[in-house]
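User: I have a model open and would like to know what lies behind the labels. Could we go through them together?

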Amino acid sequence: MQKTNHFVLSKTRKLLLGKHFSDGLIFKVLVYFLLVVIGFVFVYPILVMLSYSLMSLEDLINPMVSQVPSSFYFNNYVDAFRALDYINVFIQSLVVTLLPALIQTFVASLIGYGFARFEFPLKKLWLALVVIVYMIPPQVYMIPRFVLFNDLGLLNNIGAILVPATFGQGLNASIFILIFYQFYKMIPKALDEAAQIDGASRLYIYFKIAIPLSIPSFITSFLFSFVWQWNETYQTFIFLGDGWQTLQTRLAIFVSAAQGNQVTIIESAQNEAQAMAGNLLIIIPMLIVYFILQRHFIEGIDKSGITGE
Amino acid sequence: MKWYQKILNFIGHINRGKFGVDELIIFKVIKVKLTNKKRQAIAGYLFIGIWVIGFIWLTLYPIIMSLIYGFSNVTIPGGSGVRIQFIGADNFITVLNDIQFISVLQAFVLQLLLYLPLTIIISMIIAILLNQKIKLRGFFRSIFFLPVIIASGPIMATLFGSNERLGILSNVGDEVPAILESLLPVFLANFVGDLYTHLINILWFSGVQIILFLAGLQKINKEVYEAASIDGASPWESFWKITLPSLKPIILVSSIYTIVMLSTFSTNQVLFRINVVRQQSFGQASALAWVYFLVVGLVLGVVVFLLTYEKKTVEKKLLMEVKR
């Protein structure tokens, strides 16, 4: 009897604590608990936005309804849709996001290839500068760049975003250059040399060998460039002004205008609900992109080798 | 030859010279013997040239101009073209007397110094949690990465509030317990009081770092852990002796990423202040930006120095042990 008791005890102990604690049940439960709690932190605000944006006026002023709306009410979305001039501004946003992302990715791959494949004087200096440029706050060069673009007539149109992207000075360009640099360094040089012996030119090798091999890096760089550009507001505010609206700037203007106008608490609550709906209207396109292509986002970082080797 | 080929030919073409050494002839005057080394250099600059031009034109030149602006009175008289009047260090003196700027800068540096270690530790812990043998790892990973996808200025303002309004997450833990205030310096007391909000804020800013750490963890050879556990090392010990040392380069990369992101994120109050001043005076705004740049650069420099310095001493210790 005592023997079986002991047996059961040690069995449960092994089940709970495991051989090394880290494979025991207690540890597992703890891990899942922490993951769920932390995950909730990321999901909670989106849920709040969602429920708030679906509340009708009665729900908003009714103190009994604080979290879940009593019925789904979509007029906030209709209002936000109209206030943001959604379809029109969405297309403008898309253009001002897509074009720089495409250009920036291609240029970054050119530059990264140059750094990874060739030995030339001052190479170390330029490479160090690529890293340093990333660390300089844009505010330092923003004002003279503003004046420069003003002289060139690039302000308030898409050129102000496209020109820096074309010259490898766009948003977080250094990161993409480094991603490609790391990737091309991993490809054996023998591949290039073989093609060269067969008489291929440098550009031919780049287009026919390097680019097809680096498609995953292209996808990762493009996606990150796209998302960051979509979420960027500081530079778009300064350079695009009123000339080219994006959803982000439009929403910010809408919110601060609503702040100025609101008279009663009811109106303020209604504005808030509309702002939430506006927020969601901005998030949703990115969420769709993310959940379709999330594999490329996350595995891209794994494979890109930017983790410091 | 077509016309554009003629032009290209005039700019530069390659002649097969004597002894089989090719010559590059630029503008029909300059002749360069093409050794393999020079060929490489030319090809390299053809690839990175666009970056070098862009860097000098759009980054280096504006940085130098911004320093000049900082020391002068800048006006745009006719809508285009600037007039620069040198006025000495006046702008910088105004900046140092700008109480609003100094206070937001102070708050930012404190926030940076508190957030940086916490971000690194928290994202490392989350990465370690995700690296366990658990189900739904992919699901959790994509949830934790969510902030990177949706965190833009207006969205973060909605979540954490701005000057004008409260955010969804900012109205928790507003009141600082009196005991804390008597025990700790004011900024720490405030920080502990708002710990909940700060933690959420940190979590929202650590999406990329978590993935970086996770990638680093997965690169560590599992056999090392097995060997250590056979030798009797506890998981705790193998964390300190195996995991942490192999994550060092990632700690450095994530620290730099965190500092840069916090210092350039559009809800940053210092940037807000620079933007307000920019509308009045370009000179003063440039001076502000330079002061800010120097402060952030100093923090970056110290952090990079500390993280790489430690590495060297560890290497020395290892060398000593090998010698013994």
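Analyst: Happy to start with helix 12 of chain A: its 17 residues at 1.5 Å a residue should span 24 Å, and its end C-alpha atoms are 24 Å apart, which agrees. The expected span is 1.5 Å times one less than the number of residues, and helices (H or I, at least four residues) are DSSP runs, numbered from the N terminus. This is a predicted model, where local features need pLDDT of at least 70 and side-chain atom pairs count only at pLDDT 80 or more, while totals for chains, interfaces and linings use all residues. Residues are numbered from 1 along each chain as its sequence is written, and chains are lettered from A in the order in which they are written.

User: Why is helix 12 of chain A called largely enclosed?

Analyst: A residue is buried if 20 or more other C-beta atoms, placed from the backbone, lie within 10 Å of its own. In helix 12 of chain A, 14 of the 17 residues are buried, so the helix is largely enclosed by the rest of the structure.

User: What makes up the contact between chain A and chain B?

Analyst: Two residues are in contact if their C-beta atoms lie within 7 Å. Chain A gives 70 residues and chain B gives 78 residues. Among the elements of chain A that each supply at least two residues are helix 12 (215-231) and helix 15 (265-304).

User: Where is chain A divided into domains?

Analyst: Domain 1 covers 2-77 and domain 2 covers 81-304; such bounds come from an automatic or database domain assignment. Their C-alpha centres lie 35 Å apart. Each domain of chain A gives 10 residues to the contact between them.

How values were computed: A residue is buried if 20 or more other C-beta atoms lie within 10 Å of its own, exposed if 12 or fewer, and partly exposed in between; C-beta atoms are placed from the backbone.
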